[in-house]
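Dear colleague,

Please find below the sequence and structure that I am handing over to you.

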Amino acid sequence: MRYRDKHVIVTGGLGFIGSNLSLRLMEEGARVTIIDSAIPGCGGNRFNLTPAGGRINVLVRDVGQAEELPTLLATANVIFNLAGEISHIHSMRDPLRDLKLNTTAQLHLLEACVRNVPGVRVVYAGTRQIYGVPRYLPMDENHPIDPVDFNGVHKAAADLYHGLFARNGSLDACVIRLTNVYGPRMAVNISGQGFLGNFFRRMLIGEPLDVFGDGTQLRDPVHVDDVVDAFLAAGCAPKLHHRIFNLGGPEPLSLMDIARIAGNEAGIGFGFKPFPADLKPIEIGSYYSSSTRLFEEFGWTAKIGFRQGVQQTLSYFRQHLNNYLEPRDWPRAQTALASASTTSNEPG
Ligand SMILES: NC(=O)c1ccc[n+]([C@@H]2O[C@H](COP(=O)([O-])OP(=O)(O)OC[C@H]3O[C@@H](n4cnc5c(N)ncnc54)[C@H](O)[C@@H]3O)[C@@H](O)[C@H]2O)c1
């Protein structure tokens, strides 16, 4: 109960990772306030907070307007800053929207924090995308920052703002740069949020998975519960020895293996397709993180293997299909669910 009676703000808390984090904080006894603007095209979903039964306070507001919340900010013991637009594709189509959400709004938020709650611990959700095409693997925190898309550039700026405010002593900020995250509450209904969301939607509606390219590219998907563990550790550590942490999954897997494991769990196959024209220029090839620094600082390692994580995630979504899929997908999802339960009831 590290967070008992603490007032914790979670920006982006209606979304995938933020809602999982908020629920865990509530279980740990924190008083949680979410600031989330529920932006169309991002993963905010009120249903994510159902287990809280109204015990989490939600302010629907852009973090760029956080200056208007001085009293709220002033009482914060910790701020988990997860507000952001995660789509690389959306950022290429509308870079100014991405700049506003991921950079301008972040600077407003951080300046409001400096004014109203100087020195507060802020844990920011950064991204591996800021590194661009890996020059070596596993990727550690010393890798050059050289993003290949607007989302990477804008997230890099926000990441560096956190570093700047930490360096000048205004905020006790750190950044956890995440690899591909999956798990319950991810926005499987929104296209352009990465291949894992797309895979889970297809698993739920019983459609074969599309692997772009030859499938040999490596990724290290990480389950959201592991991510939440790292955020909780960073939020309450008495002193930080580092300010930047890469966070990756338990093991690198090829996209082909990811599709094979996921497809097996859902009873569907996969096939290869050429990269779509809009994805090709922003594809980074193989990637996997070194999480050594997170281990050294907090004893953190990813614990949930991919197969186990897929099973747990599928089970969550199958219980709540209509809260995560678009109505047009419901009939196919019901058919896929019926077929999955028939298969699992078969003897032997
Ligand atoms: N999911 C991943 O694989 C992944 C990987 C790397 C980094 N991240 C980072 O983690 C954070 C959370 O990602 P997620 O997957 O939960 O995304 P998500 O889309 O599910 O949730 C993000 C939430 O932030 C809110 N939001 C966006 N901009 C906002 C703003 N300016 N003010 C207030 N609310 C705003 C959205 O409404 C949404 O509810 C993001 O910052 C993202 O860049 C995620």
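Predicted model: local features only at pLDDT ≥ 70, side-chain atom pairs only at ≥ 80, totals over all residues.

I begin with the interior. In soluble globular proteins, nonpolar side chains tend to be buried together. Here, the largest nonpolar core comprises 86 residues. Val8, Phe80, Cys113, Ile176, Val227 and Phe231 have the most contacts inside it. Helix α7, which spans residues 224-236, contributes the most to this core, namely seven residues. Leaving aside residues up to four places away in sequence, Ile176 touches Val123, Ala125, Gly126, Ala230, Phe231, Ala234, Phe245 and Leu247. There is also a second, separate core of eight residues, among them Val153, Ala156, Tyr287 and Tyr288.

I turn next to the ligand. It is surrounded by 32 residues, of which Gly12, Gly15, Gly43, Gly44 and Gly84 are the closest. Two or more residues of this shell come from each of the elements α1 (16-27), α4 (95-116) and β5 (121-127), and α1 gives the most, with three. By type, the shell consists of 16 nonpolar, twelve polar and four charged residues.

Finally, Thr292 lies in helix α9, residues 292-298. Thr292 counts as partly exposed because it has 15 C-beta neighbours inside 10 Å, whereas a buried residue would need 20 or more and an exposed one 12 or fewer. Between Thr292 and Ala233 there are 59 residues of separation in sequence and 15 Å in space, C-alpha to C-alpha.

With kind regards

Notes: Residues numbered from 1 in each chain as written. Core = buried A, V, L, I, M, F, W, Y, C linked by C-beta atoms within 7 Å. Helix = DSSP H or I, 4+ residues; strand = E, 2+ residues; numbered from the N terminus. Contact = placed C-beta atoms within 7 Å. Near = placed C-beta within 6 Å. Nonpolar A, V, L, I, M, F, W, Y, C, P; charged D, E, K, R; others polar.
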